[in-house]
Amino acid sequence: MGNLVEVENLRAYYITQAYGVKRTVRAVDGISMTIREGEIYGIAGESGCGKSTLLRVLMAAHKPPLTVVEGTVKYVFGDMSINALEMSEQEIRDLRWKEISYVPQGSMHVLNPVRRIQDQFHDFISAHRQVGKRESREMARKYLTELGLPDSVLMAYPHQLSGGMRQRVTIALATILWPRLIFVDEPTTALDVVVQRGVIQLLKDVQEREGSTIVLITHDLGVHANLAERIAVLYAGQIVEEADARTILKTPRHPYTHYLIHSLPDLDERVERESIPGRPPALDNPPTGCRFHPRCPLAMEKCKHVEPHMVYLHSNHRVACHLVTDEIGSTYDADKR
Amino acid sequence: MTQTNAESRLLHAENVTKIFHIRNGLSSIKFHAVDDVSFTMTTDRPEIFSIAGESGSGKTTLARMLLGMEKTSAGLLTYKGRDLNQLSKREKRRWFYKEVQPVFQDPFAAFNPLNRIDRYLYETVKNFRMASKGEMDRYVDHVLQEVGLSLAEIKGRYPNELSGGQAQRVAVARALITRPSLIVADEPVSMLDASLRMSVVNMFRRLKDEQGVNIIYITHDLATAFYSADRIAVMLRGWIVEMGPVEQVLGRPLHPYTRNLKESIPRADPDKKWPRTSGLAVTDVDEYRLTSCRFASRCPYVMDICRHKVPGVHQVEGRAVKCFLYDPTVVGEENVARHAAGLLPTPSTIQ
């Protein structure tokens, strides 16, 4: 399978100028990654580590004060290769929802409270295709049935549906035009476990039916374990580790990944769990060297001054940590890959 | 449930019911948001009592009644032997609010973003006259130490300068200022990152052990409930369907709904993925209005009787379960034992 999105050394900063004071928040700071066609790619990390900012740049929805200062984002659609950061307004609009779709955070609140669901489907479809009301209703009904949702929701107003059903209707709405690429931002926060499971299953169904590519952002590694095929762990605007889901969850190499996984309570036995000490750094003045070193239990002297390089343990697993670099030597350095 | 005499009761709920009326034109529908709920917390030993269930199961309505913010429609709710419905405003202010303190879901919504966060701590000290003017700083600092913070850390800071975990700990510190016997925490961790949740939950455990504070921990996150609570009540559409010690209820759930909840917890382990089936209600209100078992439409083990009658509460394996699968008059003694041993009928064998 080919690459669908290629990101090269991306740096995106929030640059604000208030009362003559310039402030730069380095929310995305040197990220390179590729998203392959047909996969579910998970991005994990605590709040404030730049997940949502990265997503915004990936779908070319960044607006000042968020500025891309370096790097490229490239979409590869068939033999078409598009530079995402240099598209015109019109090009972006043509691409959105048809090729690229987005399920925003808290998306159960995006439905218009005074219109029936079927009218909202019509508004949405007719903005991109020449369809009549009856046609769009038929499309919506067929699609909902395929996804196993009751078509009675079409006649309902949003307040008549439960939170979980609203969330799933929004996902159906975002995917009805069969986009190639779907960005999903924290689809399950503040939903309870049963609803969460329904939402995740729906995303999986959508992906399996049409082979869309999904980029999933959430801080909940349990959700990633159930859905994602590859996971990137983000810390302070940088990728600290990336591998297939099983490797990340079973044999993480970066101390931060280890912490993220082991801070979750276990359901099989009640053992003491400690939370990660400290908090993510403020991104306007990130720590020198490895950005995790103030919170890292294994920090060495070197970590305070030297920024670790990304090294490849094998073609699918890369880590940025001095401990790993020291262990395997510098021959696998990212530059000599 | 163990029998307790009236003196040792901290909080006692007996058939507590809350009815809301939904008006629809001229007609009006009765809506039992909390239906026939009974439980007791004792003063003998501090405990963390968790109330769990999906959204719309009546958890928050129950919490509001426990906090005296809402009156019960039927049933009896007493705190240290006093009926909450009968308390005068003055008694509530002077005594009850000092004894029972809330912690809410979103710490950033609980504090006004334009006020310095320490103000809430000082205000509470003044309102309940917990310390004299000169003692105030020392007292506030002392309480903050109990939640792992210090006055120096938060003095003069605004809520947005704190992380979610820190802000939530300040909210707990504020609740602790009156030296309450009971804290009612309504979804205190659901707005926090998974990694920060543990810091709040660990703090609850410490408060219970070191300060002897009773905590009612309301959550939909069964993983943290299992980790921190002593006893748990699982709520479904206003009912408590399963209640008992947490190791038993969550270690080996008996009610099909509890089983469903437990299975639905996402595990950070690729070997423990979800099996592929799960039922979901279309609307919340419909299930409330069922005159039968309220889980009947989603239950994989549904029997005929479940669609017509309300199940009774049965004592099985050290817990109370509200389900026909454990009713000897319906399925027979032998089958109750089989079901209690975890041998539920396979969904297909039921007519």
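Two residues are taken to be in contact if their C-beta atoms, placed from the backbone, lie within 7 Å. On that criterion, in this predicted model, the contact between the chains takes 35 residues from chain B and 41 residues from chain A.

On the side of chain B that touches chain A, helix 8 (194-211), helix 9 and helix 11 (256-263) of chain B each supply at least two residues. Helix 8 of chain B provides the largest share of that side, with six residues.

Within chain B, the division is into domain 1, which covers 45-71 + 94-250, and domain 2, which covers 252-351. The centres of these two domains of chain B, taken over C-alpha atoms, are separated by 31 Å, and 17 residues of domain 1 are in contact with 21 residues of domain 2. The side of domain 1 of chain B that touches domain 2 of chain B draws at least two residues from each of helix 9 (222-228), strand 9 (231-236), strand 10 (239-245) and helix 10 (246-251) of chain B, and strand 10 of chain B gives the largest share of that side, seven residues.

| Side | Nonpolar | Polar | Charged |
|---|---|---|---|
| Domain 1 of chain B, touching domain 2 of chain B | eleven residues | four residues | two residues |

Notes: Residues are numbered from 1 along each chain as its sequence is written. Chains are lettered from A and ligands numbered from 1 in the order in which they are written. This is a predicted model: local features need pLDDT of at least 70, side-chain atom pairs count only at pLDDT 80 or more; totals for chains, interfaces and linings use all residues. Domain bounds come from an automatic or database domain assignment. Helices (H or I, at least four residues) and strands (E, at least two) are DSSP runs, numbered from the N terminus. Ala, Val, Leu, Ile, Met, Phe, Trp, Tyr, Cys and Pro count as nonpolar, Asp, Glu, Lys and Arg as charged, and the others, Gly among them, as polar.
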